[in-house]
Amino acid sequence: MSFSNKCRETADACRFCWMCRHICPVGNTTGQERNTARARALSLSLVGRGAAELKGDLVQNVYECALCRACTEDCKTGWDPVLFTREARREAVLAGEAPEAVRLLLETYAKTGHIYGAEPRNKAFSDAQKRHAAKTDTLFYLGSDARHFAKDKALGAIALLERAKVSFTVLEKEPESGRQLSFLCGDTKETRDAMQAAANLYASYKTVVFYEPEDARAAKQDAPELGITAKAKLTAFPAYLETLIGKKLKVKKGKNVYTFQDPAALARALEDVSSARAVLSACGELKEMLLSGKETVLAGDLILDRYLHETVLGMAKRRWDEAVNMGVKTLVTADTAEYLALSATKPKGVRVITLEEAVAECL
Ligand code: SF4
Ligand code: SF4
């Protein structure tokens, strides 16, 4: 086991001040102190000093984190608690100590190139892909989450771009962005290889539009941190959509009141809290709920969902409680994982729609 000095320093820097306790979506859902950056700092600090072993329940706990970086925003030390969590995951995987559920996901990745396994077939999606198979300047990278679990949403986004008459390419098969291995293993050779393969693909386009914020983060933040860059304009879907509104997409402002659920990767890592709001303001009235923008609370994650399904649903339910208390009627998402978890837990009298659906209903 070999934690870097920075990892040890970061875990040791924790003041155990509890200031990250109230903002952790996992900890708030389970109600367990173990699910906080503070508890992880304590246990990994012991591991770094050789006073505890990185195995068993301690490793399980390392995986009970969505890497949403809410604690990073709030940590009073100015250090990044996610850093030691990711490094502990890498060391656990390399030492063969990853939990069984994680091992199975990695085995599936090794066989299929995705932790979710083979991509399900869908005729409407195949037809859309064939319409956009030709090479253009713009790659619309849909990502594993939508392609495996929400092809209808991906089709809605494709339909909107078709309505805007922009030319773009959709690949029959996409290499995974590197986000899945980064989440499960941190910085390993396999993660770098996946990100490099994806970057090589991006580099053959002038622009790459990422439907999923987590894939955009992998390409725009995580890969460059590993020295992997692509000579292409990399943009998340909400920012791309904003450039079309009022030009290629003539929306009519209606009476709908929308509230945006900021994806953590978009708001915190990519620091984009304005694009989706500009889009929604053109469509109707925008109403904010508490803990929005960079302070957003994660409402879903499809990797975490593979082994902590009930916790992920609990996170979404808590987000609904916050939204309903603020009188929210239409919650708008820009992340497939959040859309699915919020749909599965939706209370009566409210609705959840995607950003492109909000635009489509105002055309
Ligand atoms: S990254 Fe998110 S889920 Fe993980 S400890 Fe921090 S706030 Fe909790
Ligand atoms: S806010 Fe930072 S210093 Fe305070 S307990 Fe959390 S991780 Fe430790």
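## Ground rules

Residues count from 1 along each chain as its sequence is written, while chains are lettered from A and ligands numbered from 1 in the order in which they are written. Because the model is predicted, local features need pLDDT of at least 70, side-chain atom pairs count only at pLDDT 80 or more, and totals for chains, interfaces and linings use all residues; side-chain values use heavy atoms, with hydrogens and water left out.

## Two nonpolar cores

A nonpolar core is a set of buried Ala, Val, Leu, Ile, Met, Phe, Trp, Tyr and Cys residues joined through side-chain atoms within 4.5 Å. Buried means under 20% relative accessible area, exposed means over 50%, and partly exposed lies in between (1.4 Å probe, protein chains only).

The largest core holds 61 residues. Leu 44, Leu 54, Tyr 63, Leu 184, Leu 304 and Tyr 307 have the most contacts inside it. Helix α18 (residues 309–325) gives the most to this core: five residues. Helices (H or I, at least four residues) and strands (E, at least two) are DSSP runs, numbered from the N terminus.

Now take Leu 304. Contact means heavy atoms within 4.5 Å. Leaving aside neighbours within four places in sequence, Leu 304 is in contact with Val 26, Tyr 63, Cys 65, Ala 66, Phe 183, His 309, Val 312 and Met 315.

## Ligand 1

Ligand 1 has 13 residues around it. A residue counts as near if one of its heavy atoms lies within 4 Å of the molecule. Cys 24, Cys 65, Cys 68, Arg 69 and Cys 71 come nearest. Helices α2 (25–30), α3 (37–48) and α5 (70–74) are the elements that give two or more residues to this shell. By class, the shell has 11 nonpolar, no polar and two charged residues. Ala, Val, Leu, Ile, Met, Phe, Trp, Tyr, Cys and Pro count as nonpolar, Asp, Glu, Lys and Arg as charged, and the others, Gly among them, as polar.

## Ligand 2

Ligand 2 is surrounded by 13 residues. Cys 14, Arg 15, Cys 17, Cys 20 and Cys 75 are the closest. Nine residues of the shell are nonpolar, one is polar and three are charged.

Arg 217 lies in helix α13 (residues 213–225). Arg 217 counts as buried because its relative accessibility is 6%. Not counting residues up to four places away in sequence, Arg 217 touches Leu 67, Arg 69, Asp 222, Ala 265, Ala 269 and Leu 270.

Val 350 is in the loop between α19 (336–344) and β7 (351–354). Val 350 has a relative accessible area of 10%, so it is buried. Val 350 touches Trp 320, Val 324, Val 328 and Lys 329, not counting residues up to four places away in sequence. Val 350 and Leu 331 are 19 residues apart in sequence and 7.8 Å apart in space, C-alpha to C-alpha.

## Two positive phi angles

Most residues other than glycine have a negative phi. Phe 16 has a positive phi, near 50 degrees. Phe 16 is in the loop between α1 (5–13) and α2. At 33% relative accessibility, Phe 16 is partly exposed.

Leu 291 also has a positive phi, of about 55 degrees. Leu 291 is in the loop between β5 (285–286) and α17 (302–307). Leu 291 is partly exposed, at 35% relative accessibility.
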